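Here's a quick tour for anyone opening this structure for the first time.

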Amino acid sequence: MSQNIQIGTRKRSRANMNNSTTTGPADNVSANKAFLDSFEDTRTNNLLDEMFARQNSFLSDNLRNSLDLNQAENSHLPRQHQHQLFLDNENAIDLDDEPRTTNTTINNINNNNSSRVDEDADDDIIFIKEQPIQFSSPLILPSSSSNNNNAANTYITTPKKFKKQRTISLPQLPLSKLSYQSSYFSVPDQKNAIVPRVTQTENELLHLTGSCAKTLEGNKAVNLTIAHSTSPFYNPPLQLEPPPQPLPPQSTFKKQIGSSLRKFKSNSSSESASSSKSNFKTDKDGHYVYQENDVFGSGGRFIVKDLLGQGTFGKVLKCIDNKYEPNYDNGRNYVAVKVIRAVDRYREAAKTELRILQTILNNDPQGQFQCLLLRECFDYKNHICLVTDLYGKSIYDFMCSNGIARFPGSHIQAIARQLIRSVCFLHDLGIIHTDLKPENILICDETHIAQNLPPKTIQSLSKRRREASKGKHKILNNPEVKIIDFGSAIFHYEYHPPVISTRHYRAPEIVLGLGWSFPCDIWSIACVLVELVIGESLYPIHENLEHMAMMQRINGTPFPTDIIDKMFYKSKHKLGNSPSDLNSTVIKHFDKKSLTLQWPEKNKRGETVTTEKSMKRVLQSCDRLDIYISKILKLDYGDSMSINWNLPAEKNWSLINSKMLWKKQIHSSSAAATDRLDKETFLFWYWFIDLLRKMFEFDPTKRITAKDALDHEWFNLGILDDGIANYNNTQG
Ligand SMILES: Nc1ncnc2c1ncn2[C@@H]1O[C@H](COP(=O)(O)OP(=O)(O)OP(=O)(O)O)[C@@H](O)[C@H]1O
C-alpha cells in the first residue's frame with residue numbers, strides 16, 4: 001500500500017461503497033465512480049473542466065443546428081454529434097493495460113474489456129500507479145463472512161498496474177442533486193409541538209383502517225374567516241395607503257391564515273376592480289360560474305382573469321390580487337385561487353386540504369420542498385377559497401402540447417429527484433398525497449426552446465398533437481416543478497377511504513383492497529416517471545382485471561401469493577374498509593387454491609371471454625418494464641440499447657458493447673452508425689430502471705421508501721442530452 005501514488009487527496013467516498021456484499025458489476029461501477037470522485041487536484045479539475053467545456057460546446061452547436069429553421073430534415077444531427085462523442089468514450093471503463101488491436105475479436109471483448117484505448121490519442125486519461133482494491137466478498141475473505149463491516153474495511157494491494165478510467169461522471173442538473181435531511185416537524189393538532197419524523201413501520205405501510213372521527217375532529221379546529229363583499233357591481237373606494245413594499249417574506253403569509261383579511265388597499269391596478277363586476281354566481285351543483293373580470297373576496301380584492309382548471313372539488317382561477325401593485329415582483333400580483341364547491345361534503349374535504357396545506361407551510365415556509373404554498377384562505381359566499389402561488393402548465397398539459405411528449409433523461413432525473421424528495425418531506429410529516437399524477441405536477445417556468453420536427457414525424461402525430469405542438473419538439477429551460485392538489489391528501493392516522501388515486505397511478509394494494517399507506521405515493525411517482533420516458537400513460541386502463549393483468553405483465557411476475565392470501569383473509573373476515581366492487585371485479589378473478597390471477601378470463605366451458613382488444617392491450621402494447629423502456633430508448637440510442645434487469649449492469653453492458661463492435665466489424669459502418677450509445681449513458685438508464693423496479697414492488701411493505709429512493713445509485717449518475725445542453729445555454 002505504501003507504494004501507491006495517488007493523484008490528489010481523498011475527498012469523499014460513496015456512502016454505500018462499504019456496504020457492498022458482492023463484487024458484482026454493480027459494485028465495480030460504484031467503486032470506480034467513487035474512486036474517481038475521490039481525487040481533488042487542480043490538474044484533474046482542469047482536465048474535467050476542459051472535458052465539460054468540449055462536451056458543452058458540442059451540445060450547444062447541436063442545439064443551434066437543430067434550431068435552424070432550414071434544418072428540419074436534419075433533426076437527428078445532434079444525436080450524430082453525440083454519437084461521435086459517445087464513441088470517444090467507448091472504452092472508458094477499460095482497466096486492463098493490454099494494447100488495443102484494430103482487429104479486436106468478439107472473444108477478447110467478452111473477456112472483460114481487454115481492449116485498450118490509444119494512449120497518445122487520449123489526453124483525458126489520468127494514470128495512476130498501484131491502487132488499493134477493496135474486497136468485500138466473503139469468497140475472498142471467508143473469515144469475514146460473518147461480519148461485512150470488517151470485510152468492507154479490508155484492503156489488499158495488487159501487483160498489477162491500474163489505469164484510472166478516463167470516464168468522468170456525466171453532468172447532472174442541479175435539481176437532480178437536491179439534498180434532503182429529515183428533521184423535526186410541527187403538526188397542527190398538537191399545538192406548538194415539535195414531533196420527530198414519522199417512522200414507517202410495517203404497520204404504517206399497510207393501513208387496514210383509518211378513523212373518520214379523527215378527520216372530523218381535526219377539521220373542527222379549522223376556523224375560516226368570512227370574507228364579505230359589497231356585491232353586486234362593486235366599486236372599490238379609493239385608498240390612499242400605498243401597496244406594501246417590499247414583498248413580505250413567505251413565512252409571514254402563514255400568519256395571515258385564519259386572521260382577518262386586510263381591506264382592499266390598491267387603486268393603482270390597471271385591471272382595477274372599478275372596471276370589473278362582482279357578479280359572483282354559484283350554479284345548482286355548488287360550482288362557481290366562471291366569468292372573466294368577476295371580483296370577489298373581502299372588499300373585492302381578487303379579479304378573475306382565467307379559468308386554470310376545474311375538478312370535482314371546485315374551480316381554480318387565475319386572479320389578480322389587488323393587494324399588490326400591477327406587475328409587482330415579476331407577476332407576484334397574480335395568484336391561483338381554488339374556489340371550492342359550496343356543498344357541505346366538499347367544504348369538509350377542503351378543511352382537510354387546508355390543514356394539510358397549513359402543515360406544509362408551517363414546516364416549509366420558503367417552499368423548498370416543491371409543494372404548493374398557501375398564501376391565504378377565506379370563506380366567500382359559502383365557497384372556501386384557497387389562495388396559492390401561481391405556477392405554469394401541468395406536466396400533462398406540457399406533454400400534450402409537445403410534438404415529442406418524451407422528456408430528456410436529465411429532466412426525468414431532475415423531476416424524479418424533486419418528486420421523491422417532496423414526497424419524502426410529506427411522508428415525514430405523516431402526509432400521504434394519494435393523487436400524484438402529471439396533472440398535479442406543475443412546471444414553474446414554462447420557457448423552453450422549440451426544435452422543428454422533420455415533416456415525416458409531424459405527419460405521424462395525431463391531429464390534436466400536431467395542432468397543439470405546431471410541429472415542434474419543446475424542451476424546457478428549467479424542469480423545476482411543484483406538487484399541487486392536496487384535496488385527497490390525508491394524515492396517515494386519519495380516515496383512509498377504500499379507493500384512492502386516479503386509476504392509471506393506483507397502486508396494487510388499493511386495487512386488491514389490502515389497505516394502503518405511504519407506499520402508494522411511491523407507486524404513483526413510478527408511473528409518472530415511466531410516462532415521462534415513453535410519452536404516454538403506462539396503464540391506459542379503466543377496469544380492475546385488465547389493470548391487474550397489466551401490472552403482472554409490466555413487473556414480469558405474478559402477484560406474490562402472500563399478498564393474495566392476505567386479500568382473501570381480509571375479505572373473509574371483513575377487515576377494514578373494502579372497495580364496494582372488490583368481490584365482483586377483483587377477488588373472483590383469483591384462484592383460491594393457487595392464489596393466482598385467472599387471466600385471460602374464461603367462462604365455465606373453458607372458452608376465453610377476454611376481448612381481443614383487451615388481449616392486445618396487455619400482450620402487445622405493453623411488456624416487461626425493462627424491455628418496454630428499452631424499445632423506446634432505441635429511438636434515441638439505436639437498436640443495441642437493450643436493458644435486461646436480470647443481468648448485472650456490467651454484464652448487460654458487455655453484451656451490448658460486444659454486439660456494437662461486432663456490428664461495426666461485420667457490417668458496414670452505416671449499420672453501426674445507428675448505435676449512439678456509450679457506457680455511461682447505458683448505466684444511467686440501467687439504474688433508472690433498477691430504481692423503477694424497486695418502486696414498482698408489488699408488496700407495499702417491501703417497496704422502496706422515498707427516503708431510500710433518494711439514496712439510490714441512479715441519482716449519482718449523469719447523462720449528456722438536450723436537457724443538459726439547453727440548461728447550460730440558458731445559464732449563459
Ligand atoms: N397554483 C396553481 N397554479 C397554476 N395552475 C393551477 C394551480 N393550482 C391548480 N391549477 C390548475 O388547476 C387544475 C385543477 O387543480 P386541482 O387539481 O387543485 O383541483 P381539483 O378540483 O382538486 O381537481 P381534480 O378534481 O381534477 O383533482 C390543475 O390541474 C392545474 O392545471
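## Around the ligand

The shell around the ligand is made up of nine nonpolar, six polar and four charged residues. Here Ala, Val, Leu, Ile, Met, Phe, Trp, Tyr, Cys and Pro count as nonpolar, Asp, Glu, Lys and Arg as charged, and the others, Gly among them, as polar. This is a predicted model, where local features need pLDDT of at least 70 and side-chain atom pairs count only at pLDDT 80 or more, while totals for chains, interfaces and linings use all residues. Residues are numbered from 1 along each chain as its sequence is written, and side-chain values use heavy atoms, with hydrogens and water left out.

In total, 19 residues surround the ligand (a heavy atom within 4 Å). The closest are Thr 312, Lys 338, Asp 389, Tyr 391 and Asp 485.

What lies 2.9 Å from an N or O atom in the side chain of Lys 338? That would be an oxygen atom of the ligand. A polar backbone atom of Glu 439 is 3.2 Å from an oxygen atom of the ligand, and a polar side-chain atom of Thr 388 is 3.5 Å from a ligand nitrogen atom. On its own the ligand has 620 Å² of accessible area (Shrake-Rupley method, 1.4 Å probe), and the protein covers 86% of that.

β10 (302-310), β11 (314-321), β12 (334-340) and β14 (383-389) each give the shell at least two residues.

Strand β10 also holds Lys 305.

Conventions:
A polar contact is a pair of N or O atoms within 3.5 Å; within protein, one must be able to donate a hydrogen and the other to accept it, and residues adjacent in sequence count only if both atoms are side-chain atoms. Helices (H or I, at least four residues) and strands (E, at least two) are DSSP runs, numbered from the N terminus.
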